[in-house]
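Hi everyone, thanks for coming. I'd like to walk you through a protein model today, so please have a look at it while I talk.

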Amino acid sequence: MDRFIDLFKNSLRYAVSDWKAIFILGVFLYIISYLEGTVFKSSDIQNLSGLIFIVILFAFSLIESGYSCKILEETVDGSERPPIFANYLDLIRHGLKDELVVLFYMIIIGVILFFCFELEFYKYDFFVRAMGLFFVGLIYLTMLGGLLNLAHHHGNFKSGFAFREILDLLDKIGICKLVMVYSFIVLSEFLIYRFIFVDISSNGIVSFIVNFLIIPFFVIFSKRLFALSSL
């Protein structure tokens, strides 16, 4: 528990060390959120303007994902401050690697869930679904290890699928610590998005603080905490 508290304090100091990075990340997150609401609710998605919005949304999403990867990578390398927003093509490349790694594991998870919950196994349904959820959990942890291994190898794409190295890394971290850290991250982000973001839409000042300060702060904080758990 003392180790977890130290990681928490370190991540907190790291996140507040550069308010400029927090604000810029907040701008990207806000634009991504706005474009998602515009593109996927529009009936003109097949028009030229809709396609342009999709391309911009994809690029901005990769930049945000690439920045998160940079936080993991630079934390592993010993950095004590968030990365600066520069060389956006490099951020897009990092983000693309991250998204492809996640996509690979999520496809496997999707296949398992489909197999276990869409097909009929009659009296063995409970057993098959329980085993399916167990394997989904294992694959999800492997995905997290893959993202961390990617950071430990400076974005080498193959390291996201180097299963022996990933298992060794997870063993080094300890499943209990990884689960505890990631559970805290998921809970924190859920509370922010569910109970703060939804309820402040009518208040401009509060909306600004949440969108451009609090939410990006938690993104930087959570990525830092995630990376520190592997050291």
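I'll go from the overall fold to the core, then the aromatic rings, the cavity and a few loop residues.

First, some housekeeping. This is a predicted model, so local features need pLDDT of at least 70 and side-chain atom pairs count only at pLDDT 80 or more, while totals for chains, interfaces and linings use all residues. Residues are numbered from 1 along each chain as its sequence is written, and side-chain values use heavy atoms, with hydrogens and water left out.

Okay, the fold. What is the pattern along the sequence? It reads α-α-α-α-α-α-α-α, with eight helices and zero strands. Of the 231 residues in the protein, 40% are buried. Buried means under 20% relative accessible area, exposed means over 50%, and partly exposed is in between, using a 1.4 Å probe and protein chains only. Now take the contacts between residues at least 6 apart in sequence: 73% of them join residues at least 24 apart. A contact, by the way, means heavy atoms within 4.5 Å.

On to the core. The largest nonpolar core has 48 residues, and Leu25, Tyr67, Ile220 and Phe226 have the most contacts inside it. Each of these helices supplies at least two residues of this core: H1 (2-15), H2, H3, H4, H5, H6 (163-173), H7 (175-197) and H8. The term nonpolar core stands for a set of buried Ala, Val, Leu, Ile, Met, Phe, Trp, Tyr and Cys residues joined through side-chain atoms within 4.5 Å. Click on Leu25 if you can. Not counting residues up to four places away in sequence, Leu25 touches Glu64, Tyr67, Phe85, Pro216, Val219 and Ile220.

Next, the rings. A pair of aromatic rings is described by the distance of the centres and the angle of the planes. How many aromatic pairs does the structure hold? There are 16. Rings of Phe, Tyr and Trp (its six-membered ring) pair if their centres lie within 6.5 Å; planes under 30 degrees apart are stacked, over 60 edge-to-face, and the rest tilted. One of the pairs is Phe23 with Phe212, which is tilted, at 5.7 Å centre to centre and 40° between the planes. Phe23 sits in helix H2 (residues 19-39) and Phe212 in helix H8 (residues 204-228), so this pair ties together parts that are 189 residues apart in sequence. Phe23 is partly exposed at 36% relative accessible area, whereas Phe212 is buried at 14%. Then there's Phe157 with Phe161, an edge-to-face pair at 5.2 Å centre to centre and 75° between the planes. Phe157 is partly exposed at 33%, and Phe161 is partly exposed at 21%. There's also an aromatic cluster, made up of Phe28, Phe60, Tyr67, Phe85 and Tyr88.

The structure holds one cavity of 30 Å³ or more, and the largest cavity has about 60 Å³ of space. A cavity is a set of points on a 1 Å grid over the protein atoms alone where a 1.4 Å probe fits but cannot get out, and lining residues have an atom within 4 Å of a point. Points are joined across faces, edges and corners, and the volume is the space filled by probe spheres set on them. Among the lining residues are Cys69, Glu73, His94, Asp98 and Leu150.

Lys70 is in helix H3, and Lys70 is buried, with 17% relative accessible area. Beyond its neighbours within four places in sequence, Lys70 is in contact with Thr75, Pro83, Asp90, Leu91 and His94. Lys70 and His154 are 84 residues apart in sequence, yet 9.0 Å apart in space, C-alpha to C-alpha. Where is His154? It's in the loop between H5 and H6. Most residues other than glycine have a negative phi. His154, though, has a positive phi, near 55°. Asn87, in the loop between H3 and H4, has a positive phi as well, near 50°.

Conventions
On a 1 Å grid over the protein atoms alone, a cavity is a set of points where a 1.4 Å probe fits but cannot get out, and a pocket is an open set with protein on both sides within 12 Å along at least five of seven lines; lining residues have an atom within 4 Å of a point. Helices (H or I, at least four residues) and strands (E, at least two) are DSSP runs, numbered from the N terminus.
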